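Take a walk through this chain, one region at a time. Keep the sequence and the model side by side as you read.

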Amino acid sequence: MKRFITILKNQSPARLIALGFAAVILTGSLILMLPVSVREGATVTFIDALFTSTSAVCVTGLIAIDTADHFTAFGQGVVAVLIQIGGLGVTSVGVGLIIAAGKRVGLKGRLLVKEALNIDSYKGIVRLVKSILLLTLCFEATGAVLSFIVFSQDYPTAHALGISIFHSIAAFNNSGFDILGGLRNLIPYQDNVLLNMTTCFLIIFGGLGFLVILDIARNRRFRKLSLHSKVVIVTTAGLLATGTLLLKATEDITWMGAFFHSVSARTAGFSTYPIGTFTNAGLFVLCLLMFIGASPGSTGGGIKTSTFFTLLMQTRSVCTGEAAHVFHRGISKQNIAKASIITILSGAVVCIATFLMCVLEPDCSFIQLLFEVVSAFGTVGLSTGITPDLSVAGKLVIIIVMFTGRVGAFTLLSTWAGRNEKNIRFSEEAVVIG
């Protein structure tokens, strides 16, 4: 045991984070198979429990079996806890428990939080974690109260309270799970303005990222915000507006429905209209939004809004001959290189997984399989309805893609690839491009 602990201590922060997520997923799948978690008369296989646990921890929302129809109140509570751990991050939850126990957070714990939240300094790590936990509690409590107003009209008080808490946790953590039963998601409430707007409110703020929310609360004026916050807010607003217009143009849905799905496609996964009835054009729009995803340090996935924005600025830079810049600030070559690598690796994951799914699931159309893979990678949870009918091999592929999307393709590659410490510079020669 001591040797095992020593081995863990010697691992890199990125590898520990990946192992932490894997451990929580495996533990969650085992708990979900216990008799106390499964409804009487329902059957939950290991692959379905593993799929559900992975989807919850990776805050995705894709489901192989309906959560309400197969799991008891205890099992649904386990799913909610897994979503919360996945949204906050294993390290943030761990540090939060250490703080709650009144113990001191060591250097290793601070290093893990720094890596998980992708921040540059150790300064104020403990205070940051406390702020994140408090923010989460405030947003989820507000969401639960507003959701209860809606659900209490259709369900007994205790049941409505449980649904409201679960929904608020899932929405703020950008995970499209629901416990309404019958694989309905939020379709029965497609015309309910309060629930639609409450859900969008939780998804948007959960997807902005904790650092951005804290920056907004601290400075309040746009011009005083950090460059990162400005980029995230502008990109988020642009994507929401563009997605709403394109979905309204391609689908026979209301403006509220178009806005809701534009918001939800940014890694949340709730739906108020059957996604399987969308046109190929609409599904393609959703794929683009899902691939871009939420923002760094948030509860969402995808390549991230800042990555997408950086690539746009670099494209403008190449076309105009000017250095990449925005808001009177330059964008470093290191950021541009990292954005390019993340996008290429993410595209490679989607392409490889889609190819495997085409081989394993020949009865499904290409757009259905592509949509499923992008949804899994972006940790979104939207589906055309094929998830429950996937083969065991197909589900395993989606499980791996969800895990990769949550931890990050770049992080996984840097975690397991060997490092070459030699710093050798070679003479340069031009290569014809384009």
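Start with Ala141, which is partly exposed at a relative accessible area of 40%. On this scale, buried means under 20% relative accessible area, exposed means over 50%, and partly exposed lies in between, with a 1.4 Å probe and protein chains only. Ala141 belongs to helix H8, residues 125-151. Its C-alpha atom is 8.8 Å from that of Ile169, 28 residues away along the chain.

A word on the source. This is a predicted model: local features need pLDDT of at least 70, side-chain atom pairs count only at pLDDT 80 or more, and totals for chains, interfaces and linings use all residues. Residues are numbered from 1 along each chain as its sequence is written, and side-chain values use heavy atoms, leaving out hydrogens and water.

Now the whole chain. It has 19 helices and 2 strands. These are DSSP runs numbered from the N terminus: helices are H or I with at least four residues, strands are E with at least two. Of the 434 residues, 53% count as buried. Among contacts with a separation of 6 or more, 69% join residues 24 or more positions apart. Contact here means heavy atoms within 4.5 Å.

The largest nonpolar core has 104 residues. Such a core is a set of buried Ala, Val, Leu, Ile, Met, Phe, Trp, Tyr and Cys residues joined through side-chain atoms within 4.5 Å. Phe371 is one of the residues with the most contacts inside this core. Beyond its neighbours within four places in sequence, Phe371 touches Ile275, Leu283, Leu286, Cys287, Met290, Leu382, Ser383 and Thr384. A second, separate core has 7 residues, including Phe309 and Ile336.

Which helix is largely enclosed by the rest of the structure? Helix H13, residues 255-264, is, because 8 of its 10 residues are buried. Phe260 and His261 are among them. The buried residues of H13 pack against helix H10 (193-208), helix H12 (227-250) and helix H14 (280-292).

Turn to H12 itself. Its 24 residues should span 34 Å at 1.5 Å a residue, and its end C-alpha atoms are 34 Å apart, which agrees. The expected span is 1.5 Å times one less than the number of residues. Buried residues of H12 include Lys230, Thr235 and Leu239. Their cover includes H10, H11, H13, H14, helix H15 (305-320) and E1.

The charged end of Lys230 sits over the ring of Phe327, 5.6 Å from its centre. That requires NZ of Lys or CZ of Arg within 6 Å of the ring centre and within 35 degrees of the ring normal.

Rings of Phe, Tyr and Trp (its six-membered ring) pair if their centres lie within 6.5 Å; planes under 30 degrees apart are stacked, over 60 edge-to-face, and the rest tilted. Phe222 and Phe327 make an edge-to-face pair, 5.9 Å centre to centre with 70° between the planes. They lie 105 residues apart, Phe222 in the loop between helix H11 (210-219) and H12, and Phe327 in the loop between strands E1 (325-326) and E2 (329-330). Phe222 is partly exposed at 36%. Phe327 is partly exposed too, at 30%.

End at Thr379, in the loop between helix H17 (366-377) and helix H18 (392-407). Buried or exposed? Thr379 is buried, at 0% relative accessibility.
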